[in-house]
Amino acid sequence: MTLPDLVLQTAYGRLAWAVVMAAVILGWLPPALQRSWRAAAGLLCGLALLVLLPGQLSPAFWLAMAFHWPSGLLLGCCVLRLWQRLRPDRGLQAMPREFAAAVAGFGLVLYVDAMGLTSLGLYYWGFAPRGAPMMALAAAMLCGFAVMRGIMRPQAAAVLAALLLFSALRLPSGNLWDALLDPLLWGWAVVSLGVQAWRRRAQRPAPATAPEMEVDAALVARQGQ
């Protein structure tokens with residue numbers, strides 16, 4: 001088990017929280033500001049300075065107390081979200097349905113095991129001195145293939161970046177699963193699936209009522225004559 005350098009981990013965590021907060025706050029701004037590069041850059045720089053404040057003056061201190069450090073994949077998805085806000089005409093989705101389902105399913109299995117409902121010990125696999133690098137390499141190869149084939153390319157690139165961050169610097173915690181999942185990312189995926197399901201249901205055409213069916217039948221009969 002190799003843990004990341006504490007200074008490097010702290011620097012990563014603070015700056016990652018700045019990106020996550022910027023992605024959230026930008027979504028609350030008026031649409032005109034959401035598409036403004038200057039507003040996004042100013043917001044990101046301001047938050048970066050804010051999280052670098054010492055001790056409890058930094059909002060990253062309290063966020064880390066509640067959620068630890070953001071996973072590399074959450075950081076990548078938040079970068080995609082910022083890009084989505086700035087370039088809405090590109091049709092980019094930071095959390096498409098298939099990707100959200102994969103994250104939600106993976107998180108469900110891992111968290112169920114972490115709560116003791118199963119006895120697989122999956123979280124400790126992420127610290128395995130040989131198993132974790134091998135799994136990271138295999139996942140990186142799959143992500144590279146997906147990027148080359150254009151299969152969910154932005155999300156595959158985000159996963160690949162998180163794997164490289166873990167492989168090179170052991171960030172954020174030295175555990176492979178912490179590089180790919182955290183409670184905020186899992187919650188985002190679950191909520192996204194729920195919202196998308198609700199929207200699909202709302203877009204379904206309403207069933208025809210009895211009078212409408214009778215009118216349709218009458219029109220068909222006239223056309224047959």
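Guide: Gladly, and let us start with Arg97, which has 39% relative accessibility and counts as partly exposed.

Visitor: Why is Arg97 called partly exposed?

Guide: Buried means under 20% relative accessible area, exposed means over 50%, and partly exposed is in between, with a 1.4 Å probe and protein chains only. Arg97 has 39%, so it counts as partly exposed. Glu98, at 47%, is likewise partly exposed.

Visitor: What kind of model is this, and how are residues numbered?

Guide: It is a predicted model, in which local features need pLDDT of at least 70 and side-chain atom pairs count only at pLDDT 80 or more, while totals for chains, interfaces and linings use all residues. Residues are numbered from 1 along each chain as its sequence is written, and side-chain values use heavy atoms, leaving out hydrogens and water.

Visitor: Where is confidence lowest, and where is it highest?

Guide: pLDDT is the predictor's confidence in each residue, from 0 to 100. The protein averages 89, with the lowest mean, 51, in helix α12 (residues 210-224) and the highest, 97, in α10. Where pLDDT is low, the predicted coordinates should not be read in detail.

Visitor: What makes Glu98 and Arg97 a salt bridge?

Guide: The term needs a side-chain nitrogen of Lys or Arg within 4 Å of a carboxyl oxygen of Asp or Glu. For Glu98 and Arg97 the closest N and O atoms are 4.0 Å apart, and theirs is the one salt bridge that the structure holds.

Visitor: How do you know that α6 has the span expected of a helix?

Guide: Helices (H or I, at least four residues) are DSSP runs, numbered from the N terminus, and the expected span is 1.5 Å times one less than the number of residues. Helix α6 (residues 97-114) has 18 residues and reaches 25 Å from its first C-alpha to its last, close to the expected 26 Å. Its buried residues include Phe99, Val103 and Leu110. After α6 comes Gly116, with a positive phi near 90°.

Visitor: Why is α5 described as largely enclosed?

Guide: 11 of its 15 residues are buried, so the rest of the structure largely encloses α5. Among them are Leu73, Cys77 and Gln84.

Visitor: What makes a set of residues a nonpolar core, and which residues have the most contacts inside the largest one?

Guide: A nonpolar core is a set of buried Ala, Val, Leu, Ile, Met, Phe, Trp, Tyr and Cys residues joined through side-chain atoms within 4.5 Å. The largest has 51 residues, and those with the most contacts inside it are Leu73, Phe99, Val159, Leu163, Leu176 and Leu185. Helix α1 (residues 6-28) gives the most to this core, with 10 residues.

Visitor: How do you know whether Ser71 is buried or exposed?

Guide: Ser71 has a relative accessible area of 0%, so it is buried. This residue lies in the loop between α4 (59-67) and α5.

Visitor: What makes the pairing of Ser71 and Asp182 a polar contact?

Guide: A polar contact is a pair of N or O atoms within 3.5 Å; within protein, one must be able to donate a hydrogen and the other to accept it, and residues adjacent in sequence count only if both atoms are side-chain atoms. The side chains of Ser71 and Asp182 are joined by such a contact of 2.5 Å. The Ser71 side chain also reaches the backbone nitrogen of Leu74 at 3.0 Å.

Definitions and conventions. Helix = DSSP H or I, 4+ residues; strand = E, 2+ residues; numbered from the N terminus.
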